[in-house]
Structures are given as structure tokens and as C-alpha cells.
Amino acid sequence: TISRLLLLLILGSLACGWRLNYTAGTSIERMDPHSNSIAGEPEKIVRVLSYSLLHGIYGQLLIWPTFLCYDYSFDAIPLVRSCTDVRLLLPLAIYLGFFQLLVK
């Protein structure tokens, strides 16, 4: 089983490396800032908090897929600009839930 895990890790790393090479990275220069408002945000804390909210939303969709959307551009999910934003309770719950699953 350890050899299968190692093989999976190597193949996954090669696939990610090929993808980064094929698309020339993931920088915003090749993309309209309206298509990915988080990547176009200059403040790092806003990007981190907003990506955390996305993790929470994706986790919620894994558990309860009620509202599925193929396009989250043009501020479909507004940026999180403060650590006191109530929406950050969702990623906190998801992170704690996944941690609980890892511990058991």
C-alpha cells in the first residue's frame, strides 16, 4: 500500500507540473480581473480570507449540493475583507469537520 501511495503521489505531482507548464502558471496577467476577483485583489489577507470562504462553500456543496453554479465570476461570492465577517463561520465548521474526520 505504501508503494501505491508513493506512485499516486509521483503521478499526481507530474500531472500538476505538466498542467502548470501547459497553462504557463496560474497568474492573473492572462485573465480578466472580473473573472477571478480574489486573484486580482492586492491585499493578501483579503485573498486568504476569501479563499477560506470558498473552501467553506465547496465543503458545503460536498455535503449538501443545493445550489450548483459553474461560474462564480463578477462577485458572485463577495470578497471577505474582515476577520470578523460572519461568513467565515462556514469554513471554520468545514475545517473542524474535516479535522475531526482525520483524527478518528
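Tutor: A salt bridge is a side-chain nitrogen of Lys or Arg within 4 Å of a carboxyl oxygen of Asp or Glu. In this predicted model, local features need pLDDT of at least 70 and side-chain atom pairs count only at pLDDT 80 or more, whereas totals for chains, interfaces and linings use all residues. Residues are numbered from 1 along each chain as its sequence is written, and side-chain values use heavy atoms, with hydrogens and water left out.

Student: How many salt bridges does the structure hold?

Tutor: The structure holds two. Asp85 pairs with Arg87, with 2.8 Å between the closest N and O atoms. Glu41 pairs with Arg81 at 3.3 Å between the closest N and O atoms. The latter pair links distant parts of the chain, 40 residues apart: Glu41 lies in the loop between H1 and H2, and Arg81 in the loop between H2 and H3.

Student: Are Glu41 and Arg81 buried or exposed?

Tutor: Buried means under 20% relative accessible area, exposed over 50%, and partly exposed in between (1.4 Å probe, protein chains only). Glu41 is buried because its relative accessible area is 9%. Arg81 has 53% and therefore counts as exposed.

Student: Where is Ser50 found, and which residues does Ser50 touch?

Tutor: Helices (H or I, at least four residues) and strands (E, at least two) are DSSP runs, numbered from the N terminus. Ser50 is found in helix H2, residues 44-63. With a relative accessibility of 2%, Ser50 counts as buried. Contact means heavy atoms within 4.5 Å; leaving aside residues up to four places away in sequence, Ser50 touches Ile38, Leu79 and Val80. A polar atom of the Ser50 side chain lies 2.9 Å from the backbone nitrogen of Val80.

Student: Which residues make the nonpolar surface patch?

Tutor: Patches are made of residues with over 30% relative accessible area and no salt bridge; like charges are joined within 9 Å, and nonpolar side chains (Val, Leu, Ile, Met, Phe, Trp, Tyr) within 5 Å. Here Leu6, Leu7, Leu9, Ile10, Leu11 and Leu14 make a patch of about 610 Å². Leu11 belongs to helix H1 and is partly exposed, because its relative accessibility is 47%.

Student: In which helix is confidence lowest, and in which highest?

Tutor: The term pLDDT denotes the predictor's confidence in each residue, from 0 to 100. Confidence is lowest in helix H1 (residues 2-23), with a mean of 88, and highest in helix H3 (residues 89-103), at 93. The protein averages 85, and 87% of the residues score at least 70.

Conventions. Accessible areas come from the Shrake-Rupley method with a 1.4 Å probe; for residues, only the protein chains shown count as cover. A polar contact is a pair of N or O atoms within 3.5 Å; within protein, one must be able to donate a hydrogen and the other to accept it, and residues adjacent in sequence count only if both atoms are side-chain atoms.
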